[in-house]
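Here are my notes on this model, written as numbered points. Keep the structure open beside you while you read.

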Amino acid sequence: MEAAIAAGDAVRGTTSPNPPVGCALYSPDGVLVATGATAPVGGPHAEVQALRKAGARAEGATAVVTLEPCNHTGRTGPCTEALISAGVAKVVYLTADPNPLATGGAQRLEAAGIDVRFEPYRVEALQPWISSIRHNRVSVTAKFAMTLDGFTAAIDGSSKWITGPEARQFVHRDRAQRDAIIVGTGTAITDNPSLTARRPDGSLYPHQPRRVVIGTREVPEGNLRELGFLQYPTPEAACAELWELGCRDVLVEGGANLLSSFFTRGVVDRVQAYIAPKLLGQGRSVLDAALARTIGDAFEFKICDVHQLGEDVLIEMETA
């Protein structure tokens, strides 16, 4: 499982609209033979990549796959047929395929005499893609950094830096796994962001997400003008166009008005709250609009993971 999950993690952000799947092949005596992961769109899926590396050693092997092997022909052929042709003896998959066009892989493998086992396990790299398939839209993660008392900037507007270097490095690694980063025109004009995914030395990660601005105001000369960006008038327009472009996993970074817009439209699937051990007492809030009038109507989330990043804490949540 660990080898298959690691293979999928390594290609996250490069595979959309396909999911970042990982596959590990083991010999009958339990030795790792090969791993594979989903190639960029149009390329081989994880199972085929692993089978090619393994060659003749795939015969009689066990394949551990993070997602149920597909059973349909799209840009590539069915992974089920590739596993059958290679003589794999057993397949263990960790996630049932939610895509109605590709499901049925387990039954096809069993019909061919392969021992198939479903071992349910939450594979984090697949969660945005699963959400996008279920809702038939891009999966939206709302991200913000705040003080303990919920402010993203001080009264004078200063906000650099609320969180420390470890948290900022985590943000950039996370950006490199996304299909797009979205900000509002206010953030684009005030902060002049580059919206790139950078290593601590300033160099760029190999995968760079699309840079997206929402709003009707013109973005002036600056980093985004130099690097290039997409601009849409509304969240609906942005999400619809990004879906058509093949995006499945997008990160909304602010500001407060844009975050509120996504929440009130009910399209936020996950939240990343970076919390610094600081107090301001007053300042700019994470959101600029009320989402509920009573505590009973508050938006509720389920905690998926908690990371300590230096002195800061990241809480990752999804809609309850």
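1. Helices here are DSSP runs of H or I with at least four residues, strands are DSSP runs of E with at least two, and both are numbered from the N terminus. What you are looking at is a predicted model, where local features need pLDDT of at least 70 and side-chain atom pairs count only at pLDDT 80 or more, while totals for chains, interfaces and linings use all residues. Residues are numbered from 1 along each chain as its sequence is written, and side-chain values use heavy atoms, with hydrogens and water left out.

2. On to the empty space. Rolling a probe the size of a water molecule over the atoms shows where empty space is left. On a 1 Å grid over the protein atoms alone, a cavity is a set of points where a 1.4 Å probe fits but cannot get out; a pocket is an open set with protein on both sides within 12 Å along at least five of seven lines; and lining residues have an atom within 4 Å of a point. Grid points are joined across faces, edges and corners, and a volume is the space filled by probe spheres set on the points.

3. The largest pocket holds about 1,400 Å³ of space. It is lined by 50 residues, and the closest to its centre are Lys-143, Ser-159, Thr-187, Asp-191 and Glu-253. Which helix gives the largest share of this lining? That is α6, with six residues. Among the other elements that supply at least two residues each are β6 (139-147), β8 (180-184), α7 (185-191) and β11 (249-254).

4. What sort of residues line the largest pocket? Count Ala, Val, Leu, Ile, Met, Phe, Trp, Tyr, Cys and Pro as nonpolar, Asp, Glu, Lys and Arg as charged, and the others, Gly among them, as polar. The lining then divides into 18 nonpolar, 22 polar and 10 charged residues.

5. The second largest pocket has about 500 Å³ of space. Of the 29 residues lining it, Asn-18, Pro-19, His-45, His-72 and Asn-99 lie nearest the centre. Both α2 (46-54) and α5 (127-135) supply at least two lining residues, and the largest share, three residues, comes from α5. By class, this lining has 13 nonpolar, 11 polar and five charged residues.

6. Now the cavity. The structure holds one cavity of 30 Å³ or more. About 90 Å³ of space lies in the largest cavity, which is lined by 14 residues; Gly-13, Ser-16, Pro-20, Ala-125 and Asp-249 lie nearest its centre. Its lining has four nonpolar, six polar and four charged residues.

7. Stay with Ser-16 for a moment. Ser-16 lies in the loop between α1 (2-10) and β1 (22-26). Ser-16 and Pro-40 are 24 residues apart in sequence, and their C-alpha atoms are 7.3 Å apart in space. Leaving out residues up to four places away in sequence, Ser-16 is in contact (heavy atoms within 4.5 Å) with Val-41, Asp-179, Gly-246 and Arg-248.

8. How do α2 and α3 pack? Helix α3 covers residues 79-86, and the two helices pack at an angle of about 25 degrees with their axes 9 Å apart. Axes are lines fitted to C-alpha atoms, for helices over the stretch in contact, and angles run from 0 to 180 degrees between N-to-C directions. Angles under 35 degrees count as roughly parallel, over 145 as roughly antiparallel, 65 to 115 as roughly perpendicular and the rest as oblique. The two helices, α2 and α3, are therefore roughly parallel to each other. On the α2 side the contact is made by Glu-47, Val-48 and Leu-51, and on the α3 side by Cys-79, Ala-82, Leu-83 and Ala-86. These contact residues divide into six nonpolar, no polar and one charged.

9. Most residues other than glycine have a negative phi, and most peptide bonds are trans. Here, a cis peptide bond joins Lys-160 and Trp-161, with omega about -5 degrees, and Trp-161 lies in the loop between β7 and α6. Another cis peptide bond joins Gly-254 and Gly-255, with omega about 10 degrees; Gly-255 is in the loop between β11 and α10. Asn-136, in the loop between α5 and β6, has a positive phi of about 55 degrees although it is not a glycine.
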